[in-house]
Amino acid sequence: FFATAMNTDAIDAAGLTPIEPELAAIAGIANLDELATVLGRLRQTASGGLFGNFVFADQKQSDRNALYISQGGLSLPSKDYYFSEAFAKVREQFKEHVAKMFTLAGSTPEEAAAAADTLLSLETALAENAKTPVELRDRVANYNRLSYAELEQVLSNLPVLRVLRDAGLPLDRVDYVIAGQPKFLEGLNRLLAERPIGDWKTYLRYRVLIGASPALARPFEEEQFRFYS
């Protein structure tokens, strides 16, 4: 395993080959049901996006673990980066970075620039319903216990339980989730209905590229480090 990871000549020669199955699956998405299928698969490699999920002690019943669902899937550090004039330059740099990643992955410069615009627009819409870092510190406000049926109502446009099961989570262990930021999930649900499926495919393609970049060929690794460092 160590020798394989250190064989940079072989890694560079492989190019995008290691993630071609994921990219092909994304390219084949035609509707939200197929989006959910691919999303569950991608969450096994922590590159799925849209929302966060993790297991942690139930903060109101600490003798058991609970499944937490939270805002997530944003590429920039916090909500302010999408709206504050102070970060306008960062947003332009982000679009340049995204365009470079898509160009490295085979898109034309025009296609890559359009994809970067789409990604920033979609993530900005997601961030609109996100909480700020200060708001995320309020433990009471960020504890919202939902039954599985209630979670399915909040995310009615996505078969969310299937996504979580496909990601390998044993949902039979408990019968509820703790939603950190229901408003974010409600906003995500509206966007799933409003945005064309092509926008979500662009979003997932970037998530796979950026998630895999540290282990891909040198140009991907260097571009990921250049921007996010």
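1. Where is the place of Leu-50? Leu-50 sits in the loop between helix 4 and strand 1. This is a predicted model, and that holds for every point below. Leu-50 has a positive phi of about 75 degrees, although it is not a glycine. Most residues other than glycine have a negative phi. Leu-50 counts as buried, because its relative accessibility is 1% and the cut-off for buried is under 20%.

2. Now the aromatic rings. A pair of aromatic rings is described by the distance of the centres and the angle of the planes. The count comes to 7 aromatic pairs. One of them joins Tyr-81 and Phe-87. Their centres are 3.9 Å apart, with 20 degrees between the planes, and the pair is stacked. Tyr-81 is partly exposed, at 21% relative accessibility. Phe-87 is also partly exposed, with a relative accessible area of 22%.

3. Another pair is Phe-94 with Tyr-206, and this one is edge-to-face. The centres lie 6.1 Å apart and the planes make an angle of 90 degrees. Phe-94 belongs to helix 6 (residues 88-104), while Tyr-206 belongs to helix 11 (residues 197-212). The two parts are 112 residues apart in sequence, so the pair ties them together. Both Phe-94 and Tyr-206 are buried. They also belong to one aromatic cluster, together with Phe-227 and Tyr-228.

4. Next, helix 12 (residues 218-228). Its buried residues are Phe-220, Glu-223, Gln-224 and Phe-227. Seen down the axis of helix 12, these buried residues fall within an arc of 100 degrees, so they line one face of the helix. An α-helix has 3.6 residues a turn, so residues three or four places apart point the same way. The buried residues of helix 12 pack against helix 6 and helix 11. Those two helices hold Phe-94 and Tyr-206.

5. Glu-22, Leu-23, Ala-25 and Ile-26 are its buried residues. Down the axis of helix 3, they fall within an arc of 160 degrees, so they line one face of the helix. The buried residues of helix 3 pack against helix 4 (32-43) and helix 11.

6. Which residues have a charge placed over a ring? Arg-43 lies over the face of Phe-51, at 4.2 Å from the ring centre. The charged end of Arg-145 sits over the ring of Tyr-176, 3.6 Å from its centre.

7. Strand 1 (residues 51-58) holds Ala-57. At 24% relative accessibility, Ala-57 is partly exposed. Leaving out residues up to four places away in sequence, Ala-57 touches Ser-62, Arg-64, Asn-65 and Tyr-68. Ala-3 is 54 residues from Ala-57 in sequence, and their C-alpha atoms are 38 Å apart in space.

8. Val-55 is found in strand 1 too. With residues up to four places away in sequence left out, Val-55 touches Asn-65, Ala-66, Leu-67 and Leu-169. Val-55 and Val-177 are 122 residues apart along the chain, yet their C-alpha atoms are separated by 9.7 Å.

9. Asp-138 lies between helix 7 (109-127) and strand 3 (145-147). Asp-138 counts as partly exposed, at 39% relative accessibility.

10. Last, the empty space. Rolling a probe the size of a water molecule over the atoms shows where empty space is left. The largest pocket has a volume of about 320 Å³. Its lining is made by 17 residues. Thr-4, Ala-5, Asn-7, Ile-11 and Ala-215 are the ones nearest its centre. Which elements give two or more residues to the lining of the largest pocket? They are helix 1 (2-6), helix 2 (8-14) and helix 12. Helix 2 gives the largest share of the lining, 5 residues.

Key: Residues are numbered from 1 along each chain as its sequence is written. This is a predicted model: local features need pLDDT of at least 70, side-chain atom pairs count only at pLDDT 80 or more; totals for chains, interfaces and linings use all residues. Side-chain values use heavy atoms; hydrogens and water are left out. Rings of Phe, Tyr and Trp (its six-membered ring) pair if their centres lie within 6.5 Å; planes under 30 degrees apart count as stacked, over 60 as edge-to-face and the rest as tilted. Buried means under 20% relative accessible area, exposed over 50%, partly exposed in between (1.4 Å probe, protein chains only). Helices (H or I, at least four residues) and strands (E, at least two) are DSSP runs, numbered from the N terminus. A charge sits over a ring if NZ of Lys or CZ of Arg is within 6 Å of the ring centre and within 35 degrees of the ring normal. The arc is that of the directions from the helix axis to the C-beta atoms. Contact means heavy atoms within 4.5 Å. On a 1 Å grid over the protein atoms alone, a cavity is a set of points where a 1.4 Å probe fits but cannot get out, and a pocket is an open set with protein on both sides within 12 Å along at least five of seven lines; lining residues have an atom within 4 Å of a point. Grid points are joined across faces, edges and corners, and a volume is the space filled by probe spheres set on the points.
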